[in-house]
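These are my notebook entries on a single chain. I record what I looked up and what I found.

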Amino acid sequence: MPTDEVRGAKERLVTVFEDAADLVKKGEAALAALDKGDGARAWRLLSPKGTHRGHGPAPKLCFVFPGQGSQYANMLAQLARVEPVVAETFAEADEVMTPLLGRPLTSFLFVDAKDEAVLTRAEEELRDTTRTQPAVLTCDVALLRLLARHGIEPDLVMGHSLGEWAAVVASGMLPFREALVAVSARSRGMASVSLGDPGKMASVLGPYEEIVRRLPEIPGYVVAANINARNQTVIAGESDAVVRAVEYFGKEGMTAQLINVSHAFHSRLVAPAAEVRVEEGLEGFGGCDAVLLLAEAVAFVGEEQVLAVDAVRL
């Protein structure tokens with residue numbers, strides 16, 4: 001566990017790695033950059049590969065929790081085997097979600113990675129929003145708790161769409177168990193709406209203004225749904241239109257790929273879900289006096305996007 005002295009060091013190095021060999025490789029590259037003195041160019045090259053250097057007083061720490069589309073079969077499976085707090089979080093989620101899903105949440109998550117057919121089926125089952133949402137929230141909270149055990153806690157929290165619920169848990173506004181129940185009700189409400197075309201979503205790397213300027217050139221309904229970063233925009237809309245958009249932006253030299261979600265969230269295609277009363281899934285729900293104000297979706301007035309804020313009193 002890092003000491004306060006280590007966490008507050010004026011020189012800090014963070015590396016994201018896949019395995020021991022990858023860590024050694026990236027560590028050697030970092031040492032080579034340090035040997036070059038300031039090595040500004042070297043660090044700029046290392047940063048996109050997952051090695052980051054920090055200078056001076058430690059800044060404020062923000063946790064940004066992901067939304068749907070970031071899920072995959074066996075996520076955190078290895079960590080759950082070696083970190084008790086992660087295993088305990090999944091056990092808690094199973095206790096809450098088994099009555100709601102008809103089987104443990106982990107039975108959708110943890111499968112035989114060596115069996116391609118089983119893995120493919122698990123990925124498809126996990127794409128169902130009623131499973132995706134509690135699964136992603138559980139993983140978010142498991143990592144939050146694990147980092148806290150190592151003395152790493154955020155000064156502020158944010159979330160992309162579904163990730164807002166993890167941010168609410170991290171802020172202490174809502175207990176994890178109750179957030180699971182609320183998210184489950186939310187996902188069932190979304191899934192209950194009958195849609196001829198549930199639509200698709202995709203991420204596009206490039207300037208937001210340029211992406212928005214080009215979208216009208218693509219036949220069909222497709223809009224900019226989320227701005228994840230200055231150079232990453234999520235688009236959503238009719239399935240065929242989004243597929244065409246991915247092909248179009250790819251030809252224009254912008255990296256674009258479909259996101260693994262069940263619906264075109266944050267678009268007018270899922271507007272009927274706004275009529276579903278999330279409170280209907282929360283009978284007997286209590287323990288928190290706060291009123292949660294969560295930006296849950298994008299509503300549409302004509303073709304204009306308007307942020308819709310849901311208020312749910314718990």
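**Entry 1**

I began with Asn74, which is buried at a relative accessible area of 18%; buried means under 20% relative accessible area, exposed over 50%, and partly exposed in between, with a 1.4 Å probe and protein chains only. The model is predicted, so I note that local features need pLDDT of at least 70, that side-chain atom pairs count only at pLDDT 80 or more, and that totals for chains, interfaces and linings use all residues. Residues are numbered from 1 along each chain as its sequence is written, and side-chain values use heavy atoms, with hydrogens and water left out.

I located Asn74 in the loop between β3 (62-65) and α4 (77-82); helices (H or I, at least four residues) and strands (E, at least two) are DSSP runs, numbered from the N terminus. I read a phi near 70 degrees for Asn74, a positive value in a residue other than glycine. Most residues other than glycine have a negative phi.

I then turned to His266, which also has a positive phi, of about 60 degrees, although it is not a glycine. I placed His266 in the loop between β8 (256-258) and β9 (291-301). His266 counts as buried, at 7% relative accessibility.

**Entry 1: The chain as a whole**

I noted 12 helices and 10 strands in the chain. Of its 314 residues, 40% are buried. I looked up the contacts with a separation of 6 or more, and residues 24 or more positions apart account for 71% of them; contact means heavy atoms within 4.5 Å.

Two packed helices are described by the angle between their axes and the distance between the axes. I took the axes as lines fitted to C-alpha atoms, for helices over the stretch in contact, with angles from 0 to 180 degrees between N-to-C directions.

For α8 (residues 129-149) and α10 (residues 176-191), I found axes that come within 8 Å and cross at roughly 155 degrees. The two helices are therefore roughly antiparallel; angles under 35 degrees count as roughly parallel, over 145 as roughly antiparallel, 65 to 115 as roughly perpendicular and the rest as oblique. Their crossing is right-handed, the near helix being turned clockwise from the far one by less than a right angle. Among the α8 residues in this contact I listed Pro134, Leu137, Val141 and Arg145, and among those of α10 Phe176, Leu180, Val183 and Arg188. The residues of the contact divide into nine nonpolar, five polar and three charged; Ala, Val, Leu, Ile, Met, Phe, Trp, Tyr, Cys and Pro count as nonpolar, Asp, Glu, Lys and Arg as charged, and the others, Gly among them, as polar.

For α5 and α10, the axes come within 10 Å and cross at roughly 40 degrees. That makes α5 oblique to α10, and the crossing is right-handed. I noted Glu92, Glu95, Val96 and Leu100 among the α5 residues in contact, with Phe176, Arg177, Leu180 and Arg188 among those of α10. The residues of the contact of α5 with α10 divide into seven nonpolar, two polar and four charged.

**Entry 2: Aromatic pairs**

How many aromatic pairs does the structure hold? I found three; rings of Phe, Tyr and Trp (its six-membered ring) pair if their centres lie within 6.5 Å, and planes under 30 degrees apart count as stacked, over 60 as edge-to-face and the rest as tilted.

The ring centres of Phe63 and Phe65 are 6.3 Å apart and the planes stand at 85 degrees, so this pair is edge-to-face. Both Phe63 and Phe65 are buried.

Phe90 and Phe110 also form an edge-to-face pair, with centres 5.0 Å apart and planes at 70 degrees. Because Phe90 lies in α5 (residues 84-101) and Phe110 in the loop between α6 (106-109) and α7 (116-126), the pair ties together parts that are 20 residues apart in sequence. I recorded Phe90 as buried at 3% relative accessibility, and Phe110 as partly exposed at 28%.

I found His160 in the loop between β4 (156-159) and α9 (163-171), partly exposed at 31% relative accessibility. Leaving aside neighbours within four places in sequence, His160 is in contact with Val64, Phe65, Pro66, Gly67 and Asn228.

Arg244 lies in α12 (residues 239-251) and is partly exposed, with a relative accessible area of 33%. Neighbours within four places aside, I noted Ile218, Pro219 and Gly220 as its contacts. Arg244 and Pro219 are 25 residues apart in sequence and 7.9 Å apart in space, C-alpha to C-alpha.
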